[in-house]
Structure formats: C-alpha cells, structure tokens
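Reader: I have a structure to go through and I'm new to this. Can we take it step by step?

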Amino acid sequence: MILVTGGAGFIGANFVLDWIARSSEAVLNLDKLTYAGNLETLASLKDNAGHLFVQGDIGDSELVDTLLAEHKPRAVVNFAAESHVDRSIHGPEDFVQTNVLGTFRLLESVRGHWNALPADQKETFRFLHVSTDEVYGSLSASDPAFTEENKYEPNSPYSASKAASDHLVRAWHHTYGLPVVTTNCSNNYGPFHFPEKLIPLMIVNALAGKSLPVYGDGMQVRDWLYVKDHCSAIRRVLEAGRLGETYNVGGWNEKPNIEIVNTVCALLDELRPRADGKSYREQITYVTDRPGHDRRYAIDARKLERELGWKPAETFDTGIRKTVEWYLANGEWVRNVQSGAYRDWVQKQYAGAPAEAQA
C-alpha cells in the first residue's frame, strides 16, 4: 500500500485514479476536503477495495501516526497543499499552516514510522514530495529555463510556503536520513481541474456566456504540463529517483496566457459553437493584474529524461483538446463544484472585471 496525501485534489486525484488503473497496489488516500478537494472526482472508486479514503489533515499528527501504524504504507506521496497564488495573496496564513506546518508534522510522523520499520522495509521506503516551479521565482524572456540548480526566489505567499516545505523535506533527508525525493512541476492542466485556474475558468465562463478575465496584457508565460503526464513522471520518480534528489517535471510547452485563452476559444468554437455564430474570443476581458505576478516560468526537465527516461506523452495541442472535450462531457461535475463559496471567491478576485465575469 502507498499513502497519498491530498488525493482528492486536482493532481492528487488524477494520480490516484491512474495508480489504481495501472497497479494492483492499494492506495490509502488522506485529504482534508477543503474547497478544492472533491470526492466526486473519485466516484469511480467508490466500491474499489484498492482505494481507502480518509478525511483528515496532514497536520493532525495523531491521525497520521495511527494511519501509518495501522496500514504500514511502503511509500508516501505528498500532494497535500494550498496551491492557488491568488488565494494566498488574500489569505496567506492558511498557506503557512498547511504547506509549512502541515508538511513539518507529516515529516515527523513519517520519520517516526520509518525509524520503526524493519531494516529491509526501511531500505525500500520512500517519501515523495510534490512541489512547484514557482519556488524558483520569475524569468525574463531571454533567461534559460529553470533547472534543479536554480536558487529559490519565491515571490508570492504560495510559492514562499512551498519553498519552505521543500527545504524541510531536504533537511529531513540530510539531518535524519529520511529517504525523500522531490518533484517541481510546471502548470498542470487536464480533467477534474477546479474552475478557479486559468484553463477551466475560461471553459466554464465561455460556455456560460460570461467574460473571460485575463490578467494585465495576458503575456505572462508558463510551461504547461498535461496532468496525466505529471502522474506518470511521479510514478517513475517514486520507482527509481535517487534519494535526496529533486526532479523538475515539465511539458516543454511555453505559452503566454493569452495564447492559451485564444486556443480554448478556438476549440470551443469548433466543438460547441455559440448560438449567435460569433467566436468566444469576443468574451475576452482584460482585468487588473494581480500583485507580484511572475512574468515567466519555464522548466528544463532534461534531468528527469536523462536519469529516468521520462518524457511527456502529450503535446499541448493533444492535451488541451482532451481537456476541453472532458469539460464539455462532464458538465454535471463542473456544476457540482461551483458552490456558493466558489462564486464568492471569483467575485472577490475579479472585482475589476465586468459583473458577468465575477460569477
């Protein structure tokens, strides 16, 4: 059995679904079920004996200690995190609590569990920490992509809290010998993405006839990674990654945000045309940029390819088409996650946009 934390969130749930589909090894899934954790994403596993879900917090040491003692997982894959930059600007304390203190408490519980294992199990145990490229800061247009050797220069409360968690994981390896590996990924997209992030927000708003809010000039550049490619990378790092090492995971898809929005509009024009025959591009609205918005991220994933033979299977063109098609086919999932709390958040965040962009 493996323990997956944050396994009801976007990336974690995709990982759990893929793991169960590909492996006979069971998953113990621990998730706090905050606004972005959604058991509907895992509905297909409801009667699957290989998936055991527990609602709880990684910062609850008593609970985590009990789960580790009872189920004795051979590995922990830590997805649990507050992960939205905009939310971290409005409420940074939650990010410190979960990403810093939560990671610390999880590490301590895992260290106690690992120390008590028999020698053979201790040797094969792994703790895989999932992190982000945002810890590296921002790049200019001419800078080379982030490698694992880049220094940390986080610019938001979110990225600072994730950087802190990365440092804790590294320290628990070097100080206590805990067998850890860390992955730093670029922007994920794909099925089951909570509709506050760029791509699902554009799809959902477009279909609802609302404005498509784009920050600033829309020229912020990100590397885009299809979530199932990210899951395959994590499986490979868990299987063969060198202890104490960091592996960057990227899609080799650097694109400015406005190009992403235009691509989504073009796909919707093709797959679900507007009744009036006009393009969804007419709904694009530029809104005030967020504070401290990093201009460019780019991931150099050659270490992962060189050492472990991993490369993404999807191009951006194939991945974004699959993503749009998934949202078109899963309207009920989208409607069910758009709670009153979600609507209140969008209204607060995009207060500078026209009213129809705020719902």
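Author: Start with a definition: axes are lines fitted to C-alpha atoms, for helices over the stretch in contact, and angles run from 0 to 180 degrees between N-to-C directions. Helices (H or I, at least four residues) and strands (E, at least two) are DSSP runs, numbered from the N terminus. The model is predicted, so local features need pLDDT of at least 70 and side-chain atom pairs count only at pLDDT 80 or more, while totals for chains, interfaces and linings use all residues. Residues are numbered from 1 along each chain as its sequence is written, and side-chain values use heavy atoms, with hydrogens and water left out.

Reader: Ok. At what angle do the axes of α7 and α9 cross?

Author: Roughly 40 degrees, and the axes of α7 (residues 198-207) and α9 (residues 257-271) come within 10 Å. The two helices are therefore oblique to each other (under 35 degrees is roughly parallel, over 145 roughly antiparallel, 65 to 115 roughly perpendicular, the rest oblique).

Reader: Which residues make the contact?

Author: From α7, L198, I199, M202, I203, A206 and L207; from α9, N257, I260, V261, V264 and L268. Contact means heavy atoms within 4.5 Å. The residues of this contact divide into 10 nonpolar, one polar and no charged (Ala, Val, Leu, Ile, Met, Phe, Trp, Tyr, Cys and Pro count as nonpolar, Asp, Glu, Lys and Arg as charged, and the others, Gly among them, as polar).

Reader: And how do α2 and α4 cross?

Author: At roughly 30 degrees, with the axes of α2 (residues 61-71) and α4 (residues 92-115) coming within 9 Å. That angle makes α2 roughly parallel to α4. S61, V64, D65 and L68 in α2 meet R105, L106, S109, V110 and H113 in α4. This contact has four nonpolar, three polar and two charged residues.

Reader: New topic. Is E25 buried or exposed?

Author: Buried, because its relative accessible area is 18% (buried is under 20%, exposed over 50%, partly exposed in between, with a 1.4 Å probe and protein chains only). E25 lies in the loop between α1 and β2.

Reader: What does the side chain of E25 make a polar contact with?

Author: The side chain of R74, at 2.6 Å. A polar contact is a pair of N or O atoms within 3.5 Å; within protein, one must be able to donate a hydrogen and the other to accept it, and residues adjacent in sequence count only if both atoms are side-chain atoms. E25 and R74 are 49 residues apart along the chain, and their C-alpha atoms are separated by 10 Å.

Reader: Where does N14 lie?

Author: In helix α1 (residues 10-22). N14 counts as buried because its relative accessibility is 0%. A polar atom of the N14 side chain lies 3.1 Å from the backbone oxygen of P191.
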